[in-house]
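Hi,

Here is the structure I said I would pass on. Have a look at it first, and my notes follow below.

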Amino acid sequence: MQVLRADTAVVNDFFHWPLFRLAEELLARFRARNTEQVIRFELLRVHVPAFSEQAFRELITNALTHRDYEVPGAVHVRWADDRIEITNPVAPGAGGPPAAALAGPPRPRNPLLADAFRRAGIAQRTGHGISRAVADQLRHGLAAPHFDHPAERTIVATLPAVPADLAFARYVAARERLGRPLGRADLQLITALRQTPRLRTAQAATLLGVDRSQARAHLIRLLHAGLVQVGGDSAGRTWHLTDQVHRDLRECAAHVRAQTAVGHPTTPAPPAPPPPASPLSPAPPGWAIPGGGPALPHRPRAADGG
């Protein structure tokens, strides 16, 4: 494991340990260095990390259980200023990067190792670790991991270090609280539509790693949920976010700005009782303090014998 600061290695450790111990050591080091922000949603705190721990855990498990142990080399974790890279040795002709199996059935290269990690509770028992890594990064308003095959014997998984989109993280948390969570494909499509106003079915299929009919089915489900609407031009059908989604996202952004303003006030202000708020409306002052709620009124203690 290397920790790089401006191309200088401040940590450079090499381990020869059993795999379970190695996985737990890497997770412990990740937790010690990972930072997070806290935003409020109603009475709950939403923790938004710099990197998703679940994504890191799944990528480490994938590297340790899918590597070819007959190929010379080691699994490398490099934590730089702008990314975390996990490099995994593979056999020649091992196929495409793991992201290519996003929508397919799990096919572990070392089934016994993969099952052992699941039984030990280090990996999820569903066998869709890459899909969960993508979903958990996106639900926190972070960039999805990306995968590369730069050499014949190497696969690299990268977690980009980008500032979290706190408004989107709160929007996702609000939907989960209301019993309307977003799945991995939903998160990928909505994130893409926030970056590109219009999306074609073929582009959605490439993004999700499925064929056009499956991508169209995903988009139609979002259409029925009121999250996207369909349009068209001379080149064919296009999809874009509904006005309601844009309004909800603007309200979430206002909520986050209000929390930031209250959490770091420029001038002192008298406390005010919090008015009632809807789940997607800006939070009132006093509930936006990271680490605590509004101050309770002072109640003097009764005198002795009173």
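**What I found**

Strands β6 (residues 83–89) and β8 (residues 154–160) run antiparallel to each other, paired over 7 bridges. Within that pair, Glu85 sits opposite Thr158 of β8. Keep in mind that this is a predicted model.

Both strands belong to an open sheet of 6 strands, in the order β2-β1-β5-β6-β8-β7, and the pairing is mixed. At the edges are β2 (8–12) and β7, each of which pairs on one side only. On average, neighbouring strands are turned by 25° against each other, ignoring direction. Helix α1 packs on this sheet and touches β1 (2–5), β2, β5 and β6. The direction of α1 makes about 5° with that of β5.

Now the helices. The axes of α1 (residues 19–33) and α2 (residues 53–66) come within 11 Å and cross at roughly 150°, so the two are roughly antiparallel. The crossing is right-handed. On the α1 side, the contact involves Leu19, Leu22, Ala23, Leu26, Leu27, Phe30 and Arg31, and α2 contributes Glu53, Phe56, Arg57, Ile60 and Leu64. By class, that makes 9 nonpolar and 3 charged residues, with no polar ones.

How far does the confidence go? The protein averages a pLDDT of 81, and 78% of the residues score at least 70. Strand β5 (residues 76–79) has the highest confidence, at 95, while strand β7 (residues 146–151) has the lowest, at a mean of 84. Over residues 264–298, pLDDT stays under 50, and the model has 43 contacts beyond four places in sequence for them. Where pLDDT is low, predicted coordinates should not be read in detail.

Cheers

Methods. Residues are numbered from 1 along each chain as its sequence is written. This is a predicted model: local features need pLDDT of at least 70, side-chain atom pairs count only at pLDDT 80 or more; totals for chains, interfaces and linings use all residues. Side-chain values use heavy atoms; hydrogens and water are left out. Axes are lines fitted to C-alpha atoms, for helices over the stretch in contact, and angles run from 0 to 180 degrees between N-to-C directions. Helices (H or I, at least four residues) and strands (E, at least two) are DSSP runs, numbered from the N terminus. Angles under 35 degrees count as roughly parallel, over 145 as roughly antiparallel, 65 to 115 as roughly perpendicular and the rest as oblique. A crossing is left-handed if the near helix is turned anticlockwise from the far one by less than a right angle, and right-handed if clockwise. Contact means heavy atoms within 4.5 Å. Ala, Val, Leu, Ile, Met, Phe, Trp, Tyr, Cys and Pro count as nonpolar, Asp, Glu, Lys and Arg as charged, and the others, Gly among them, as polar. pLDDT is the predictor's confidence in each residue, from 0 to 100. Two strands pair if DSSP finds at least two bridges between them.
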